[in-house]
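Please open the model in your viewer and keep the sequence panel beside it. The tour below moves from one selection to the next and says what is there.

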Amino acid sequence: MYIREKINEQIKEITAGALNKSLASGAFAIETMPNIFLEIPREKGHGDYSTNIAMQLPKQTRKSPRFIAETLMANMDTAGSYVESVEIAGPGFINFKLKKSWHYAVLEEIAEMKKDYGRSQKNKGKAFNLEFISANPTGPMHMGNARGGAIGDILASVADWTGYEVTREFYINDAGNQIVKFGDSLDARYRQLFGEDIPFPEDGYQGDDITEHMKNFIAENGDVHRSLEPSERKEILIDYALNKNLTQIKSDLAAYGIHYDVWFSEQSLYDSGAIEETIARLKEGGFTYEQDGALWFKSTSFGSDKDDVIIRANGLPTYFMGDIAYHVNKYITRGFDRCINVWGADHHGHVARLKGALTAVGINADEFDVVLMQLVRLIRNGEVTRMSKRKGKAIALTDLIDEVGVDATRFFFNLRSPDSHFDFDLDLAMEQSSDNPVFYVQYAHARICSIIRQMAEELDNTVALDPERLSEKEELNLLEILSLFSDEILMAEEKLDPSRITHYAIDLASAFHSFYNACHVRVEDKSLMKARVALIEATQQVIENALSILGISAPERM
RNA sequence: GCGCCUGUAGCUCAGUAGGAUAGAGCAACGGCCUUCUAAGCCGUGUGCCAAGGGUUCGAAUCCCCUCAGGCGCACCA
């Protein structure tokens, strides 16, 4: 248990004890016990912790907040706790000031847990599935996938640090209409390369990569496929290009620092009969009906404003149907306790109906959430550029990484919460200017490493470590921020917002830089020097841990 | 028309399950390297928290409504 949790429990116990004593003494009476809520005041002058309990009780007790606060304070027993003093302030806040010694527990915790400092057990034993990117494998990864990739990958790490057993998963949309179009496009290019004057499908994939695939295919296979029936040939071409694309996607993402545990094929749901089983399950439950030759799911029974087709009149299941079967597979076949998907905000309309369908088949939809990320707008020369995979004008992920670097790209895409609209200014990003805060954090890390390298020779090992030597406000501030790391990870998991880790890393780096300018590590006083080395070693460790969650390197020299 | 997201300093954004005087970065200006990395630090100014109403001891935060921008509302994925 981390020091913050211990203190929290102590103060809650102290407050609850005071409340019980006050009640027993007859100072006031209540009907229901309130929740004791603690917060860390923004103003340092208001102490280390604060509770508003006295302001929640006037209604029940018919006493003033001030009176309640005073009564509680008089009945508090802080012996043996970290609480040094208690005071009442403002409209009735009870503020707790802690003994400085609590700071030093942080150093010990970090020194003990090292690379695991910040991990917690909250979700131990639970299986967590995080599905992200999940694009059509009809082309290489582009910039639009980059944000979802960074958010998903980092959120997966965050979940891992809260104790979940995490599976990163890519749902390959290798079935359905887009694949048919893909095949039509490939076939048209194939025939055009042999000089046939045929029109290109109007809504086909126009990218050069389609033509490239067919050039390579012809180079490898000659013209033996020309005589085949188009449908037969398309199948071969699709299979060929899809495999090439998947290989490409995997290497693109690996270069981006993303490694999936599972690549799940949509087509496999058809092949395995999972779709059929799920349809049967929905029918048995009475959640379907036929109309206009199609099979419909009663989304309206689960709060949606319209029902949805799951099998078209032509007999082919819709994408929605596949997604239901896919999630049945996740929860029931594979037994995940919690599933999170990262989707573009343009798919938000599909969340409710999928939750409805999951509820229909008996899955607890509270354990299913979708992180909706606002789409990225591409800014070039100060103008918005529309991205279109089919027009072939999208910036490839690999190009972005080449220009900007993996670290900056990942950091940049996690600078804002997923639901904020995001403009990616290409010119700025490609300038590689030091405006990018990733340098700020990495620089703090490199600076510390540099000092540690030099101190290693000067440190006197016969001097005992005395953490109480740390008493400057910059030192204490640094310790306080270090102690919040685990809470920040838990909050990021609860809110499904990985950008909190990025912000934390910046705050921590900032606290270090301030310390660095205010306090020298290399000082005559060997005991003080020892304590400061311990402090920066702890800081180095936590920056390293935060960066490892972010999937960003922690350079030892810059 | 219905639904979702967003609206906070000149710009880009934070703002912790409603809390005490609304915060950073960038930009502007002024300081700080004869000792550990100046890719750094310190200081100075800026706000009808989009408008209005409500709940509350207390609202940027919750509710209602209006306005503005983005995105959905397919037998597309």
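Contact, a term used at several stops, means heavy atoms within 4.5 Å. Helices (H or I, at least four residues) and strands (E, at least two) are DSSP runs, numbered from the N terminus. This is a predicted model, in which local features need pLDDT of at least 70, side-chain atom pairs count only at pLDDT 80 or more, and totals for chains, interfaces and linings use all residues. Residues are numbered from 1 along each chain as its sequence is written, chains are lettered from A and ligands numbered from 1 in the order in which they are written, and side-chain values use heavy atoms, with hydrogens and water left out.

**Helix α5**

Select residues 102-113 to begin, which form helix α5. The expected span of a helix is 1.5 Å times one less than its number of residues, so the twelve residues of α5 should span 16 Å, and the 17 Å between its end C-alpha atoms agrees with that. For burial, the cut-offs are under 20% relative accessible area for buried, over 50% for exposed, and partly exposed in between, with a 1.4 Å probe and protein chains only. Colour Trp102, His103, Tyr104, Ala105, Val106, Leu107, Glu109 and Ile110, which are buried in α5. If you then show α1 (3-25), β4 (93-98), α18 (473-483) and α21 (526-550), you will see the elements against which those buried residues pack. Just after α5, lysine 114 takes a positive phi of about 50°.

**The domains**

Next, colour chain A by domain, using bounds that come from an automatic or database domain assignment: domain 1 (3-99), domain 2 (132-270 + 374-433) and domain 3 (437-550). The contact between domain 1 and domain 3 takes five residues from domain 1 and five residues from domain 3, while the C-alpha centres of these two domains lie 32 Å apart. Buried area is the accessible area (1.4 Å probe) that two parts lose on being put together, summed over both; between domain 1 and domain 3 it is about 380 Å², of which carbon and sulfur atoms give 40%.

Now select residues 441-558, which an unreviewed UniProt entry annotates as "domain: DALR anticodon binding". This span is 71% helix and 0% strand, and its end C-alpha atoms lie 11 Å apart.

Move to alanine 135, in the loop between β5 (127-131) and α6 (143-161). Is alanine 135 buried or exposed? At 9% relative accessibility, alanine 135 counts as buried. Leaving aside residues up to four places away in sequence, alanine 135 touches Met141, Asn145, Phe170, Tyr171, Ile172 and Asn173.

Then select helix α15 (residues 406-413), which is mostly covered, with seven of its eight residues buried; among them are Arg410, Phe411, Phe412 and Phe413.

**Two loops with positive phi**

Aspartate 292 lies in the loop between β8 (288-291) and β9 (294-297), and its phi is near 55°, a positive value in a residue other than glycine. At 66% relative accessibility, aspartate 292 counts as exposed. Leucine 496, in the loop between α19 (485-494) and α20 (499-518), also has a positive phi of about 55° although it is not a glycine, but leucine 496 is buried, with a relative accessible area of 13%.

**The cysteines**

Finally, show the cysteine sulfur atoms, bearing in mind that a disulfide is a pair of them within 2.5 Å; by this rule the count comes to zero disulfides. The sulfur of cysteine 519 is 19 Å from the closest cysteine sulfur, in cysteine 449, which is too far for a bond.

How values were computed:
UniProt positions renumbered as here; feature names shortened; annotations may be inferred.
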